[in-house]
Amino acid sequence: MNLTLLLAIALAIVHIGAKNLLFLDSVPRNCWLSMAGGVSVAYTFMHIFPELSEGQARVEASALNGLEFLEHHVYLMSLLGFSIFYGLEKLAKTSRQHQVKMGRGDATSDQVFWLHIISFSLYNALIGYLLSDPEEEASVLSLCFFFIAMALHFLVNNFGLREHHKRVYDHTGRWVLAAAVIVGWAIGRATIISHEAIALLFAFLAGGIILNILKEELPEERETQFWAFAAGAGVYSVLLLII
């Protein structure tokens, strides 16, 4: 079986099985979740961001129709990814507050739930696509580093989504997000897009990762473990520098 398919299936399993890791869902925040966040951020800063400069050069040299307006703005895609997921987070919190006031429980409305899930499904599909990109001449080691960073990132995202959506996430949401990874992988195997477009997708992903990690680590009520976050970021950074 193709290695990238196995990795995509493993990423899907993270969403499906994370609900059983009840020891991670605690306050103060479990050190393993903070460490997972540190690993994801380290991968973004040490691997994805450096590739953006190369991607910027590719976009500038590209003659593809429709990319001219992004000639000098690959980093705007990172800002777009950051902003979109920031907006989704604020919307989810506002919805929960409204639901509590209406006596409907501390969970988002159905409309916000589906908006959140559809958005994260596209996000997961993007990760699945990038994992399977047939144009990417990635070594097995590079694929494994990408997989580890994204698996830990999914673990952090999973607990954030469960906090917002409660039972409906466990019943429906996690399965949709798991399927999205496989769908993204399948699209990646069936289609080929340009290196320039891949650079833009990576830029969007970088912005999304940063926001989704920071929103979990920064709130004071999380009582997060800075030393664990720093250790995860530090160790993974060293590993990325070695390879």
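I started with His165, which is found in helix H5. Helices here are DSSP runs of H or I with at least four residues, numbered from the N terminus. This is a predicted model, so I kept in mind that local features need pLDDT of at least 70, side-chain atom pairs count only at pLDDT 80 or more, and totals for chains, interfaces and linings use all residues. Residues are numbered from 1 along each chain as its sequence is written, and side-chain values use heavy atoms, with hydrogens and water left out.

**His165.** I checked burial next: His165 is buried, at a relative accessible area of 2%. Buried means under 20% relative accessible area, with a 1.4 Å probe and protein chains only. Its side chain makes a polar contact of 2.8 Å with that of His116. For that term I used a pair of N or O atoms within 3.5 Å; within protein, one must be able to donate a hydrogen and the other to accept it, and residues adjacent in sequence count only if both atoms are side-chain atoms. Leaving aside neighbours within four places in sequence, I found His165 in contact (heavy atoms within 4.5 Å) with Ala107, Thr108, Val112, Phe113 and His116.

**His153.** I then looked up His153, also placed in helix H5. His153 counts as buried because its relative accessibility is 0%. The side chains of His153 and Tyr123 are joined by a polar contact of 2.6 Å. Not counting residues up to four places away in sequence, His153 touches Ser40, Tyr123, Ile209, Asn212 and Ile213.

**H1.** I ran a length check on helix H1, residues 3–17: at 1.5 Å a residue, its 15 residues should span 21 Å, and the end C-alpha atoms are 21 Å apart, which agrees. The expected span is 1.5 Å times one less than the number of residues. I listed the buried residues of H1 as Thr4, Leu5, Leu7, Ala8, Leu11, Ala12, Val14 and His15. They cover an arc of only 165° around the axis, so they sit on the same side of H1; the arc is taken from the directions from the helix axis to the C-beta atoms. They pack against H4 (110–132), H5 (140–165) and H6 (167–190).

**H6.** I repeated the length check here: the 24 residues of H6 should span 34 Å at 1.5 Å a residue, and the end C-alpha atoms are 35 Å apart, which agrees. I also noted that H6 bends by about 40° at Gly173, the bend being the angle between axes fitted to the seven residues ending there and the seven starting there. Gly173 is itself among the buried residues of H6, as are Tyr169, Arg174 and Trp185. What covers them includes H1, H4 and H5.

Methods. Helix = DSSP H or I, 4+ residues; strand = E, 2+ residues; numbered from the N terminus. Buried < 20%, exposed > 50% of the residue type's maximum accessible area, 1.4 Å probe, protein only.
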